[in-house]
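Student: I would like a close look at one part of this protein. Start with the pockets, please, and then go on to the aromatic rings.

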Amino acid sequence: MEQETVEQRVARFLSSSAQLLIGGRFVSAASGRTFPVVNPATGEVIAQAAHGQTEDVSRAVAAARQAFDDGPWRTMSPAQRARLIYRLGDAIEKHGDEIALIETLDNGRPLAMSRSVEVPVAVERLRYYSGWATKLEGATIDVSLPGQWHAYTLREPVGVAALIVPWNFPFTMAVAKIAPALAAGCTVILKPAEQTPLSALRLAQLVVDVGFPAGVINVVTGFGDAGEALVNDQRVDKVSFTGSTEVGKLITRQATGNLKRITLELGGKSPVVIFPDADLDKAIDGASRAIFANAGQVCTAGSRLYAHEKVYERVVEGIADRAKKMKIGSGLDPETEMGPLISQEQLDRVLNYVQSGRKEGAKIVVGGERLDRSGYFVAPTVISHTTPNMAVRREEIFGPVLCADSFDDIELESIVDEANDSIYGLMAYIWTRDLSVAHKVARRLKAGTVRINGGAMDSSLPFGGFKQSGWGRENGREGVEAYTELKSVLIGL
């Protein structure tokens, strides 16, 4: 019998993707409704997904609650949980080509990026956190009370966790939230973005194949009402959300019902500061990738550029030249460097920001228009002559739009204040050969992560934001401890 190709397997998956994973079984939405999933590179419908709503969320929460309270998950040894988490990573690696293709069809990013970034990062995250399952521990504490006492602390799983993930890195983000929650001993309900539900459903199939107990991982696809139902459900103990600051604030208000624990990874407007001594070739390449990767649809996108006046023209010309030469198109084309925006709504949003900048006096160095083709494509854009009060420079655009400005020696100290002049504080980028400058500036920048001369995310490094870029941290020890409660025990001897 002739073996199926990756394309054939994905086609078969797309034709059967309209179900939810609840309590270890694939089921239709209670309403029987589905919604279309669109390929942003073509605007064409490629699949249907189950339209999960309040009743479906309630069923999923009940399954997760039972699996935590009465099921085998919480009573499994940490080593047993670790083995299952690691096996899920193995399964993703084995089916990586399918997952990468599904992700590219669903999200639009270049297939090479899905293969080389999305899948490997997800595998690594599961393997990293499988190790944490056996390493969560408390401490023995000497207390100062009169008498004889034995005191210690315990770390226990918080319970049922609702995981709400965005559409820009749907597969990686889903795994990045599931992995630490499982390592801590929680059960979960995953709610992917309505724009990109497909890779989460393929993940659900692998969860069943690997052998996770029923109800430990549940997947509900749907719209904002499904997410709201998750947040409002009193049986949910924890919400981890990645998305816009506006929705994050809404979740914060809704979660007060039972004061459920919250982790929020929200928006950003990250500054890129290039000093005159920087390796300009690397800085230009790094600044370009920071804003044009994934069509700028990245919360850490380096969207505000501050280059010293001695190198400003060369830096802007270099980035603009890179933008002009970028191969833009379908993620299935192996030569594509930048794919489409996720939707017509996002395309309109990006172009409206560019137009507002024009009206307020900003200058378009390159790009600034929709590309004349099917799909949601916009040209990579560089804008100069912006001011701090312009919306294009102040607000998160979530597209490939860079606002460029210069500074001089007199402004050297104040440039940090300019970089910090934002409601956001997720990421900041520095380019300099002077380590003294690098360390001093890094200390003053109000950002959860500062990258100096490049770098990438790592599972061991805590990630999160200052100010309105979020609450709490993901990754590392902090990421898994966010799914635990700390209990103190005091025994009189």
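Tutor: Start with the largest pocket. Four elements each supply at least two residues of its lining: α5 (111-132), α6 (170-184), α10 (280-292) and β18 (427-431). Keep in mind that this is a predicted model. The largest share of that lining comes from α5, with 10 residues. In total, 50 residues line the largest pocket. M113, V117, F169, A293 and V298 lie nearest its centre. By type, the lining of the largest pocket divides into 24 nonpolar, 14 polar and 12 charged residues. The volume of this pocket is about 1200 Å³.

Now the second largest pocket. Its volume is about 1000 Å³. Of its 41 lining residues, W167, F241, G243, S244 and V247 are the closest to the centre. Here α8, β10 (238-242), α9 (245-254) and α12 (344-359) each supply at least two residues of the lining. The most comes from α9, which gives 6 residues. This lining splits into 18 nonpolar, 13 polar and 10 charged residues.

Next, the rings. The structure holds 5 aromatic pairs. Take F35 and F223. Their ring centres are 4.8 Å apart and their planes stand at 65 degrees, so this pair is edge-to-face; the cut-off for that label is over 60 degrees. The partners sit in unlike surroundings. F35 is buried, at a relative accessible area of 4%. F223 is partly exposed, at 29%.

W73 and F212 make another aromatic pair. W73 is in the loop between α2 (54-69) and α3 (78-94), and F212 is in the loop between α7 (198-210) and β9, so the pair ties together parts 139 residues apart in sequence. W73 is buried, with a relative accessible area of 0%. F212 is buried too, with a value of 9%.

Finally, charges over rings. K238 lies over the face of Y483, 5.0 Å from the ring centre. R373 has its charged end over the ring of F377, at 5.3 Å from the centre.

Notes:
Residues numbered from 1 in each chain as written. Predicted model: local features only at pLDDT ≥ 70, side-chain atom pairs only at ≥ 80, totals over all residues. Heavy atoms only, no water. Phe/Tyr/Trp six-rings, centres within 6.5 Å; stacked < 30°, edge-to-face > 60°. Buried < 20%, exposed > 50% of the residue type's maximum accessible area, 1.4 Å probe, protein only. Lys NZ or Arg CZ within 6 Å of the ring centre and 35° of its normal. 1 Å grid on protein atoms, 1.4 Å probe; cavity = no way out; pocket = protein on both sides within 12 Å on 5 of 7 lines; lining within 4 Å. Points joined across faces, edges and corners; volume = space filled by probe spheres on them. Nonpolar A, V, L, I, M, F, W, Y, C, P; charged D, E, K, R; others polar.
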